[in-house]
Amino acid sequence: MALDLEEQEQVAELKAWWQQHGSLITAAVVAACLAFAGWSGWRWYERSQAAQAGALYETLARAMQAGDAKALRDAGGALLENYPRTLYASMGALSAARFYFDRNDPKNARAQLVWVIEHAASDDFRDLARLRLAAVLLDEKAYDEALKLLDAQHGAAYDAQYAAARGDVLVAKNQAAEARSAYKLALEKAGAGSPAFRESVRMRLEALGG
């Protein structure tokens, strides 16, 4: 069917417009397709990394249960080296630190906790690592270093635990008055929750004469 004059003019305008803008549109479509492919590829890569890191963490957890120091060291090392950005890496380092501390190996425990503080993607993991490192330092009688660590900025959810840990260090330094203040702050920050934690702090406070 022959086109009438108006339709012919519209087709001519469309052709002219496409000649002027077609290359730009094609480039934009190609760029969008490439961006989508890249995003999909990155999502696949992240899922793959998480799956592999999760498998290593399970190996580490089994090694902990079995008391196999070599298997734990191998799995933990591979986890931190190859998948440092995953949550599994921080979880593995915290678990390994506990394993080493329970076996009177503060040097390796400290190394794992320092790694979490310096590399963890989550503030919660860093806050928890500082608490545990302070306990290691307290055990090593590095009181001032522990107090400095506990003075670091941390999430409000950890205020009670940090105050209680500070009280423990101050008791070890024979600073009873300061320790009592720290324990009272811990009870205040704990609120009505965590009955076991509150009772533990209360007992420590009473041991200092309230």
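Which does Leu-79 count as, buried or exposed?

Tutor: Leu-79 counts as buried, because its relative accessibility is 0%; the cut-offs are under 20% relative accessible area for buried, over 50% for exposed and partly exposed in between, using a 1.4 Å probe and protein chains only. Before going on, keep in mind that this is a predicted model, where local features need pLDDT of at least 70 and side-chain atom pairs count only at pLDDT 80 or more, while totals for chains, interfaces and linings use all residues. Residues are numbered from 1 along each chain as its sequence is written, and side-chain values use heavy atoms, with hydrogens and water left out.

Leu-79 sits in helix H2, residues 69-82; helices (H or I, at least four residues) and strands (E, at least two) are DSSP runs numbered from the N terminus. Skip the neighbours within four places in sequence, and Leu-79 is in contact with Ala-53, Leu-56, Tyr-57, Pro-84, Tyr-88, Ala-89 and Gly-92, where contact means heavy atoms within 4.5 Å. Gly-54 is 25 residues away along the chain, yet its C-alpha atom is 9.0 Å from that of Leu-79.

Now zoom out. The protein chain has nine helices and zero strands. Of its 210 residues, 32% are buried. Among contacts with a separation of 6 or more, 48% join residues 24 or more positions apart.

Next, two helix pairs. H4 (residues 106-119) packs on H5 at about 155 degrees with axes 8 Å apart; axes are lines fitted to C-alpha atoms, for helices over the stretch in contact, and angles run from 0 to 180 degrees between N-to-C directions. H4 and H5 are therefore roughly antiparallel (over 145 degrees; under 35 is roughly parallel, 65 to 115 roughly perpendicular and the rest oblique). H4 passes H5 in a left-handed crossing, the near helix being turned anticlockwise from the far one by less than a right angle, whereas clockwise would be right-handed. By class, this H4 and H5 contact has eleven nonpolar, no polar and four charged residues. Here Ala, Val, Leu, Ile, Met, Phe, Trp, Tyr, Cys and Pro are nonpolar, Asp, Glu, Lys and Arg are charged, and the others, Gly among them, are polar.

H5 carries on to H6 at about 170 degrees, with axes 8 Å apart, so H5 and H6 are roughly antiparallel too. Their crossing is left-handed. On the H5 side the contact uses Arg-130, Leu-131, Leu-133, Ala-134, Leu-137 and Leu-138, and on the H6 side Tyr-143, Glu-145, Ala-146, Leu-149 and Leu-150. That H5 and H6 contact holds nine nonpolar, no polar and two charged residues.

H5 and H6 also pack against the buried residues of H7, as do H8 and H9. Those H7 residues include Tyr-162, Val-169 and Leu-170.

Finally, the loops. Asn-174, between H7 and H8, has a positive phi near 65 degrees, and Asn-104, between H3 and H4, has one near 55 degrees. Most residues other than glycine have a negative phi. Asn-174 is exposed at 71% relative accessible area, and Asn-104 is exposed at 72%.
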